[in-house]
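Colleague: I have some questions about how the labels on this model were reached. Could you take me through them?
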Amino acid sequence: MKRIWSVQHPSGQRAETLSRALGISPVVSEILVQRGLNQPEKAIEFLRPTLLNLNSPFLFCDMLKTVERLSLALKRKEKVLIYGDYDVDGVTSTTLLYKVLIDLGLQAVAYIPHRQDEGYGLHSEAIERAAKAGVRVLITVDCGITAVSEVELAKSLNIDIIITDHHEPLEILPEAFAIINPKLEHSGYPFRDLAGVGVAFKLAQALLQTLGNNEVGIHTEMEFLDLVALGSIADLVPLVGENRVLVHHGLRQMEATTHPGLDALLEECGLKNKSLKAGQIGFMVAPRINAAGRMDSARAGLELLLTEDPERANELARQLTRENQSRQETEKEILAEAIALLEQEPLPRVIVLSANHWHHGVIGIVASRLVERYYRPVFMIAEDGDEARGSARGIPGYPVLEQLSTQAAILTKFGGHKQAAGFSLLTENIGKLREGLNQQALAFKESMFQEVLRIDCQVTLDAVSGELLRQLEQIAPFGFGNPGPTLACKGIPVHSVSAVGKEQNHLKFRFGSQGEQEGIAFRLGERLEELKGSQTIDAAFVLDWNTYRGRDEVQLMIKDIQTVANWLKQTIQDDDSGTVCKEIAATQQEPEIDWLDWRNLPREQWPLDDYEQLWIWDNTGSEPILRVGNDERLNQVRDNKPGKDLGLILGVPLTDEDFKEGVEKLWRLGIFRIALAGFQLPLEEMVHQRCFFISREKLVQFYRDLLAESKKANPFHWVADLKLQGREKTALKIFEELGLIRCLGGTDKVVLEWIPAQKKLELDSSVRYRLARVRFEKAIEFQRQLLEASF
């Protein structure tokens, strides 16, 4: 089915403002605005991910009691069982927590159920075996949130269950000792999209901060970030917010990993000593670990990540490669069978396929392949006698888990996410499931099943360059929730096109009048005859480097190509921040505003009695706020007074943005008579704070404080003064940008490594400092003009 190409109208002034503020390409600023990053401060935090932005693990409501229980287990020398899942997220979660608990001196045991023999989740048999083995604490990772009866069994056997999970909870929660899951309604944690390994990492953070050795540098969470990155990428969590920070730094840590098993796996994939990208990990490294759990037991993957023996690691890495090749062959066979079944009749809205010889460990991948091919939700089922187990994958707008819940009456078990889920049922009910899901799908608009390719920015071929690609790479790591930017060109000249690859199933293009730009289209070899006669085409692509004989050239990685594409243009929907930031015509000359100048009047002389309702845009606090006036004299106004509303801008707005925002909010209330009052100049320190600006002098003093600490020990702990925490964190981010420090972990108390400067540094080379300085200078100038203006 031919895709529709969707491109939003250029965002204009917002993208231009962002481009100037950050000194970036208009193409990159346009993409950032399209992704909701239209404020320079937000864009900087996105482009410069820092561990200093990680949330405290103790924001989880049950984190403190979890740490206290594990502290007691350490004191009592109790056996602690870590119970994981057999996918990459589960294996990395289990590995991470096991290593941390062992490092801290706890008696930990790791366990992952067998996919074929036991299936997903916490099982009663395993709990009973754990009780006989003397386990007193059982920690689930990447599972457990639906294990209501299993937790009851554990309690009866005197085992305390601590659930760490990230799957959607059902209506009834297990009565566990503690539950750490960001998707709980009252979890306390501000970021809900952590992977299972991300949740395990937060527990590790809390444990290391509480129980870690005081000898700085020995126990930090930095050495585990590569495991967090691996599990997060593999589990397809959105790479935004905290996930983006963890994966960004985790990839860098992976390049110098301290885990022999991961090191051996990178070498097996040909990635050792290379700059790593999320896509490489997702397509080359993760499938090898997944293959073990899919085809047999995940324990080989777990052993690989746990082993400290390089020889054993190499042996296991080779074994996983063989299992992955076997998985690929099985996948191809099942995919071919599934396609043959689907080609026999009209394509349904929801694809539900089953067979009694399909390998349950592979059907999830095949479901993903079918989604790519047909753009339909896919439910693949492996029959095993009277029982059957399935894996589901969705499309945007189709909530897989919610749709499965509509069929709960015929399911024996189900769970997962909006876009992916697992389920079990009796084989005899497969037909009912197919019918029920397709009946439910009639409620969705037909347009949802038409694939739309989102174009981030339309460009000319001349705009494609190495510099553009280098700037686009700042948006990485790419993945679910933060895809690699898709660019598109209309009517670009085709110099040549040819089929390439062992099976001639890929297309290679030379674009431009002289063939100066290369493009590659994977798995589109069948369209050679259709496209080779075209003189111009429309191309949608991402950019990547093509390294050949030591030279790096930009290459177009084609996502779709049409002689003439079917374009759909959309308008960006304004959110509140967008509306506030839009251009307001010279407010002081706006004829609809009746300005009242009370700037120099004492408060007691404000003529408020003439007005019935007062709304105040109050700039006298740390942040401007809109509130209803509560002046006593105003409240004495009686109903027989003429109804008039007044807006009051109280105190000098610190920036022109504050001023415009206040006027805009009053406009929305239908207030066009506005008084300016209480215009005493704010303290310069307040302007510093509101503009996130730290003067050069204060930065120099803070620099000296850090240097003095580093001379005592390096790395070293830094505990921020609670009163100055925001300012100190900003300063640390500036020094991190300048390459003077490296954050090794921690939240409330951070571990920093001092890096001596190799050359003289300019503060303005920090984007954060430069932006704040410019904003501060503009604010001071704006206040001067506002105080001198005539109204």
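Colleague: Leaving aside its neighbours within four places in sequence, which residues is Y375 in contact with?

Modeller: Y375 is in contact with L370, I395, P396, M448, F449, Q450 and E451. Contact means heavy atoms within 4.5 Å. Bear in mind that this is a predicted model, where local features need pLDDT of at least 70, side-chain atom pairs count only at pLDDT 80 or more, and totals for chains, interfaces and linings use all residues. Residues are numbered from 1 along each chain as its sequence is written, and side-chain values use heavy atoms, with hydrogens and water left out.

Colleague: Where is the place of Y375?

Modeller: Y375 sits in the loop between α15 (363-374) and β8. Helices (H or I, at least four residues) and strands (E, at least two) are DSSP runs, numbered from the N terminus.

Colleague: Why does Y375 count as buried?

Modeller: Buried means under 20% relative accessible area, exposed over 50%, partly exposed in between (1.4 Å probe, protein chains only). Y375 has 15% relative accessibility, so Y375 counts as buried.

Colleague: What makes G261 buried?

Modeller: The relative accessible area of G261 is 0%, so the label is buried. G261 lies in helix α11 (residues 260-268). Beyond its neighbours within four places in sequence, G261 is in contact with L304, T307 and A313. The C-alpha atoms of G261 and A708 are 39 Å apart, and the two residues are 447 residues apart along the chain.

Colleague: Why are α8 and α9 called roughly antiparallel?

Modeller: Helix α8 (residues 196-211) and helix α9 (residues 225-234) pack at about 155°, with axes 8 Å apart. Axes are lines fitted to C-alpha atoms, for helices over the stretch in contact, and angles run from 0 to 180 degrees between N-to-C directions. Angles under 35 degrees count as roughly parallel, over 145 as roughly antiparallel, 65 to 115 as roughly perpendicular and the rest as oblique. The angle of about 155° therefore makes α8 roughly antiparallel to α9. V197, G198 and F201 of α8 meet L225, L227, V228, G231 and S232 of α9. The contact of α8 with α9 has five nonpolar, three polar and no charged residues. Here Ala, Val, Leu, Ile, Met, Phe, Trp, Tyr, Cys and Pro count as nonpolar, Asp, Glu, Lys and Arg as charged, and the others, Gly among them, as polar.

Colleague: What makes α3 and α26 roughly antiparallel?

Modeller: Helix α3 (residues 40-47) and helix α26 (residues 767-788) pack at about 175°, with axes 10 Å apart. The two helices are therefore roughly antiparallel. P40, E41, I44 and E45 of α3 make the contact with V767, R768, L771 and R775 of α26. The residues of the contact of α3 with α26 divide into four nonpolar, no polar and four charged.

Colleague: How do you know that β14 and β15 pair?

Modeller: Two strands pair if DSSP finds at least two bridges between them. Strand β14 (residues 487-500) and strand β15 (residues 506-511) have six, in the antiparallel sense. A499 stands opposite L507 in β15. The hairpin of β14 and β15 has five residues between the strands, and G501 in the turn has a positive phi of about 100°.

Colleague: How many bridges link β15 and β16?

Modeller: Five, and β15 pairs with strand β16 (residues 517-521) in the antiparallel sense. R510 stands opposite E518 in β16.

Colleague: Why do β7 and β10 stand at the edges?

Modeller: The open sheet has five strands in the order β7-β8-β9-β11-β10, with mixed pairing. β7 (351-355) and β10 (411-416) each have a single partner strand, so one side of each lacks a neighbour in the sheet.
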